[in-house]
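Visitor: I would like to learn how to read a structure like this one, feature by feature. Could you take me through it slowly, starting with the charged side chains?

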Amino acid sequence: MDSKLGLILQSFNTRYSQCVREALHELPDNFTITDPSISGHPIVFASQGFLKMSGYFQEEVIGQNGKIFRGPKTNRRTVMEIREAIREERGIQINLLNYRKDGTPFWMLFHMSPVFGKEDGRVIHFVAVQVPITRKQRNGGVSLSEDGSGLNEIVFGSCRKEVGSDSLLELGRVLSLDSGSKVSDIEETCEASDFEKRRAAAAFSNILSVLTHYSELTGRLVCGKRCSVPGAGYISSSLNISLGRIKQSFVLIDPHLPGMPIVYASDAFLKLTGYDRHEILGLNFRVLNGVDTATSTFHQIMESIQTEQACTVRILSYRKDKSSFWNCLHLSPVRNASGKVMYYWLCINFLCLDKLSNLNFWYFLKR
């Protein structure tokens, strides 16, 4: 199984009971659920309504992020406002121009809210509800359905600024009109109605109810508001997303907490060691040690931490299944602007001793 797909499955399986996906698919709303702890902040669930609205298949959306729905007319400032809400771990409701798989643009009300872990206050997921904005056409008569598949609901009008028909992409398949009839405008900005705003808020409430119920069955409860102050060693969603862009196998450890626990583990580290993220967070990095790990090498690492110095060592490490591997471990302090050590970066690299490419590394170690 692809490692990222495995993490996506774990995103739900470790928090909710197995029936949660079926229950979410029964909801009529258009929405996606994303996980900021996975590299790229990917979509881990997409509702049937969302797939119908966007024209994508499930396998085309899961593992992707919101970039695939943007197009040439998507407002960058709006995207930045959404990113800022993610960074601040708060909700946002904003009008957004997105694009379907076939390239046709459509206006929607984007309503995103975080879902928190009740026990520690961490952001577990973000739920994004998308409500198509209904708007009347100015020249009268012509209407399009919300999913772009027919002429059932009026969707044009009531907007502040318009651009020409050149910016309307590939609507030919949607319009079964007389040869003289055309959809002439796509609006640059568009406002959602109060009804649509209430509809989005109600949809999120229903989704949260499902998530809460199925989290109760596992004992790992979620809630829509932060029920507790995040504990020591808390890594924010924005830092999680930033760290997720780094493709190396590494962990962050917090030297200021008892036991110097791991507070972040990269996807590559999880793939290499076989641990799930929830299993490794909070543990000391000595969890990688085993019966044949050299005590002197481990003490060398600890001395580097005490003296706030970087070091690179070769050490025998162990995976979750107790299989061993030679590890080129690089330790480096991470300092804040004032020079204080905030974390230690532990880069874990698998060494294949048979390969000639490692000879340079051994020469480096012996210098």
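Guide: In this model, which is predicted, salt bridges link Glu84, Arg87, Glu88 and Arg90 into a network. One of the links is the salt bridge between Glu88 and Arg87, whose closest N and O atoms are 3.5 Å apart.

Visitor: Are Arg87 and Glu88 buried, exposed or partly exposed?

Guide: Arg87 is partly exposed, with a relative accessible area of 44%, and Glu88 also counts as partly exposed, at 39%.

Visitor: How many salt bridges does the structure hold, and which parts of the chain does the one between Arg15 and Glu119 tie together?

Guide: The structure holds 9 salt bridges. In the one formed by Arg15 and Glu119, the closest N and O atoms are 3.4 Å apart. Arg15 belongs to the loop between helix 1 (3-13) and helix 2 (20-25), while Glu119 belongs to the loop between strand 4 (105-117) and strand 5 (123-132), so this pair ties together parts that are 104 residues apart in sequence. The two partners can also be read by accessibility: Arg15 is buried, with a relative accessible area of 5%, whereas Glu119 is partly exposed at 45%.

Visitor: Where in the chain do Arg226 and Glu89 lie?

Guide: The side chains of Arg226 and Glu89 meet in a salt bridge with an N to O distance of 2.5 Å. The pair links distant parts of the chain, for Arg226 is in the loop between strand 8 (222-223) and helix 7 (237-244) and Glu89 is in the loop between helix 5 and strand 3 (92-99), 137 residues apart. Arg226 is partly exposed, at 34% relative accessibility, while Glu89 is buried, with a relative accessible area of 9%.

Visitor: Now the aromatic rings: what describes a pair of them?

Guide: A pair of aromatic rings is described by the distance of the centres and the angle of the planes. This structure holds 9 aromatic pairs, among them Tyr56 and Phe69, which form an edge-to-face pair, with 5.5 Å from centre to centre and 85° between the planes. Tyr56 sits in the loop between helix 3 (48-54) and helix 4 (58-61), and Phe69 in the loop between helix 4 and helix 5 (76-88), so the pair ties together parts that are 13 residues apart in sequence. Both Tyr56 and Phe69 are buried.

Visitor: Why is the pair of Phe285 and Phe298 called tilted?

Guide: The ring centres of Phe285 and Phe298 are 5.5 Å apart and the planes stand at 40°, so the pair is tilted, since stacked is kept for planes under 30 degrees apart and edge-to-face for those over 60. Phe285 lies in the loop between helix 9 (277-280) and helix 10 (295-306), and Phe298 in helix 10. Both Phe285 and Phe298 are buried.

Visitor: Which rings are linked into a cluster, and which residue lies over the face of Trp326?

Guide: Phe12, Tyr16, Phe31 and Phe45 are linked into a cluster by ring pairs. Over the face of Trp326 lies Arg314, at 4.2 Å from the ring centre.

Visitor: How do the strands of a sheet pair, and what is the strand order in the open sheet of 5 strands?

Guide: Strands of a sheet pair through backbone hydrogen bonds, either parallel or antiparallel. The open sheet here has 5 strands in the order 10-9-13-12-11, with antiparallel pairing. Its edge strands, strand 10 (262-265) and strand 11 (311-318), each pair on one side only. Neighbouring strands of this sheet are turned by 30° against each other on average, direction ignored. Helix 10 packs on the sheet and touches strand 9 (250-253), strand 11, strand 12 and strand 13, and the direction of helix 10 makes about 135° with that of strand 11.

Visitor: Which residues stand opposite each other in these strands?

Guide: Strand 12 (residues 324-335) and strand 13 (residues 341-350) pair in the antiparallel sense over 9 bridges, and Cys328 stands opposite Asn349 in strand 13. Strand 9 is joined to strand 13 by 4 bridges, with Leu252 opposite Trp345 in strand 13. Strand 9 is also joined to strand 10, by 3 bridges, and there the bridge partner of Val251 is Ala265 in strand 10.

Visitor: Which way do the side chains of strand 9 point?

Guide: Phe250 and Leu252 point one way from strand 9, Val251 and Ile253 point the other way, and all are buried.

Notes:
Residues numbered from 1 in each chain as written. Predicted model: local features only at pLDDT ≥ 70, side-chain atom pairs only at ≥ 80, totals over all residues. Heavy atoms only, no water. Phe/Tyr/Trp six-rings, centres within 6.5 Å; stacked < 30°, edge-to-face > 60°. Helix = DSSP H or I, 4+ residues; strand = E, 2+ residues; numbered from the N terminus. Buried < 20%, exposed > 50% of the residue type's maximum accessible area, 1.4 Å probe, protein only. Lys NZ or Arg CZ within 6 Å of the ring centre and 35° of its normal. Pairing = 2+ DSSP bridges. Axes fitted to C-alpha atoms, helices over the stretch in contact; angles between N-to-C directions. Contact = heavy atoms within 4.5 Å. Salt bridge = Lys/Arg side-chain N within 4 Å of Asp/Glu carboxyl O.
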